[in-house]
Structures are given as C-alpha cells and as structure tokens.
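Open the model in a viewer and keep the sequence panel beside it. The stops below say what to select and what is there.

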Amino acid sequence: MQGFGDAKQFVHGELSLDRERHRCRVADEDVALTAKEFGLLAALMERPGRVLTRDQLLDQVWGSDVSVTNRTVDTHLKRLREKLG
C-alpha cells in the first residue's frame, strides 16, 4: 500500500485493522476483505474524523497511474460497509 503512515494497527471501537497481518476484526470476529477493501479501510482509519475525496482514495489505494473511475471507490466502499455491518 502506498501513501500510508508507519502505523501498523488501527482500532476504533470494536473494529480493528492490523496492516502487518492483513487482518480485520469486528467484535473479535475476523472479516475477510479484498486488498482494495483493506486499503480503503486503512486509509479511512488512518485519518479519523477527516473527509477524504474519491480522488484522494483512488490515489492512495489504486495509485495515480491506474485508470479507473471514481465510482469504483463507491462500489468498494459499499461492499466494505456490507462486510463490516
């Protein structure tokens, strides 16, 4: 993943994300995420309370030299919300 800080773990309430182990847990239950879903969640958890634009998320998770639409972010975020409850 590019663009992320040095933090290896993020915790918010019952949600935890371990970047080193590529592991996401909600209420002590593992949640299987794709690499893109994991990258999106890490980007959002790294900046709690801050709004990130679709373009910022695309750059951080997909990279600046990938040609995808910003609606791709919406689709992945929808799936992520479904998985996290």
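Select Asp 74, which is found in helix 3 (residues 71–84). Helices here are DSSP runs of H or I with at least four residues, strands are runs of E with at least two, and both are numbered from the N terminus. The model is predicted: local features need pLDDT of at least 70, side-chain atom pairs count only at pLDDT 80 or more, and totals for chains, interfaces and linings use all residues. Residues are numbered from 1 along each chain as its sequence is written, and side-chain values use heavy atoms, with hydrogens and water left out.

Asp 74 is partly exposed, at a relative accessible area of 22%. The cut-offs are under 20% for buried and over 50% for exposed, with partly exposed in between (1.4 Å probe, protein chains only). From C-alpha to C-alpha, Asp 74 and Arg 54 are 8.1 Å apart, with a sequence separation of 20 residues.

Stay on helix 3 and select Arg 81, which lies in that helix. Arg 81 counts as exposed, with 59% relative accessibility.

Next, show helix 1 together with helix 3. The two pack at an angle of about 85°, and their axes are 10 Å apart. Axes are lines fitted to C-alpha atoms, for helices over the stretch in contact, and angles run from 0 to 180 degrees between N-to-C directions. Helix 1 and helix 3 are therefore roughly perpendicular to each other; angles under 35 degrees count as roughly parallel, over 145 as roughly antiparallel, 65 to 115 as roughly perpendicular and the rest as oblique. On the helix 1 side, select Lys 36, Glu 37, Leu 40, Leu 41 and Leu 44; they meet Val 73, His 76, Leu 77, Arg 79, Leu 80, Lys 83 and Leu 84 of helix 3. Contact means heavy atoms within 4.5 Å.

Helix 1 (residues 35–46) and helix 2 (residues 54–62) pack at about 120°, with axes 9 Å apart. This pair is therefore oblique. The contact brings together Lys 36, Gly 39, Leu 40, Ala 43 and Leu 44 from helix 1 and Leu 57, Gln 60, Val 61 and Trp 62 from helix 2.

Which residues of helix 2 are buried? Select Leu 57, Leu 58, Gln 60, Val 61 and Trp 62. Their cover includes helix 1 and helix 3. Step just past the end of helix 2 to Gly 63, where phi is positive, about 100°.

Last, go to the loop between strand 3 (23–26) and strand 4 (29–31), where Ala 27 sits. Most residues other than glycine have a negative phi. Ala 27, although not a glycine, has a positive phi of about 50°. Ala 27 is partly exposed, with a relative accessible area of 38%. Asp 28 is in the loop between strand 3 and strand 4, and has a positive phi of about 65° although it is not a glycine. Asp 28 is exposed, at 63% relative accessible area.
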